[in-house]
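Here's a quick briefing for anyone meeting this structure for the first time. Have a look at the sequence and the model, then read on.

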Amino acid sequence: VISCDELVPHKGGQADVYVSLHAGETTHKTKVQKKTIAPIFGETFHFKGTGRSALGLSVKVMHKNMISADVVLGTCEVSSDKYVFGKEVIESVNLQKEGGLDDAGTIDLKLKLDRARG
């Protein structure tokens, strides 16, 4: 996860942002970036898959709420269909508000498919 940009703030013009990534049975979360709508993460996560069909990535950009439940700022799905094994790709993906109705900013991801070892 590289960064996000043009996020819609939760309240007060800013948000405490983190990203939740889910593929297969694995979920990873970034550290929270406080009081921003353009967080920079620079974090790396690894997911294991058995084939291209198992390599769909669900992404949620969240606002960390200290009092009540965290708030979804935007979501997207990333499919591995267009990636080549061993080649690193940086992609800017549009985020949608829940329900897919409105633009909710962008997320920049660096993606690389590696063949399973073992």
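Let's start with Asp102, which sits in the loop between β6 and β7 (103-112). Keep in mind that this is a predicted model.

- Asp102 counts as partly exposed, because its relative accessibility is 41%, and partly exposed covers the range between under 20% (buried) and over 50% (exposed).

- You'll find Glu6 in the loop between β1 (3-5) and β2 (17-23).
- With a relative accessible area of 55%, Glu6 passes the cut-off of over 50%, so it is classed as exposed.
- The backbone of Glu6 is worth a glance too: its phi is near 55°, a positive value in a residue other than glycine.

**Lys35, in another loop**
- Lys35 also has a positive phi without being glycine, and here the value is near 50°.
- Its place is the loop between β3 (26-29) and β4 (57-63).
- Is Lys35 buried or exposed? Lys35 is exposed, because its relative accessible area of 67% is over the 50% cut-off.

**Glu91, a buried glutamate**
- Glu91 belongs to strand β6, which runs over residues 88-96.
- The relative accessibility of Glu91 is 18%, and buried means under 20%, so Glu91 counts as buried.
- Which residues does Glu91 touch, once its neighbours within four places in sequence are set aside? Its contacts are Lys82, Tyr83, Ile107, Asp108, Leu109 and Leu111.

**The chain as a whole**
- How many helices and strands does the chain have? The count comes to 0 helices and 7 strands.
- Reading along the sequence gives you the pattern β-β-β-β-β-β-β.
- The chain has 118 residues, and 34% of them count as buried.
- Take the contacts between residues at least 6 apart in sequence: 51% of these join residues at least 24 apart.

Key
Residues numbered from 1 in each chain as written. Predicted model: local features only at pLDDT ≥ 70, side-chain atom pairs only at ≥ 80, totals over all residues. Heavy atoms only, no water. Helix = DSSP H or I, 4+ residues; strand = E, 2+ residues; numbered from the N terminus. Buried < 20%, exposed > 50% of the residue type's maximum accessible area, 1.4 Å probe, protein only. Contact = heavy atoms within 4.5 Å.
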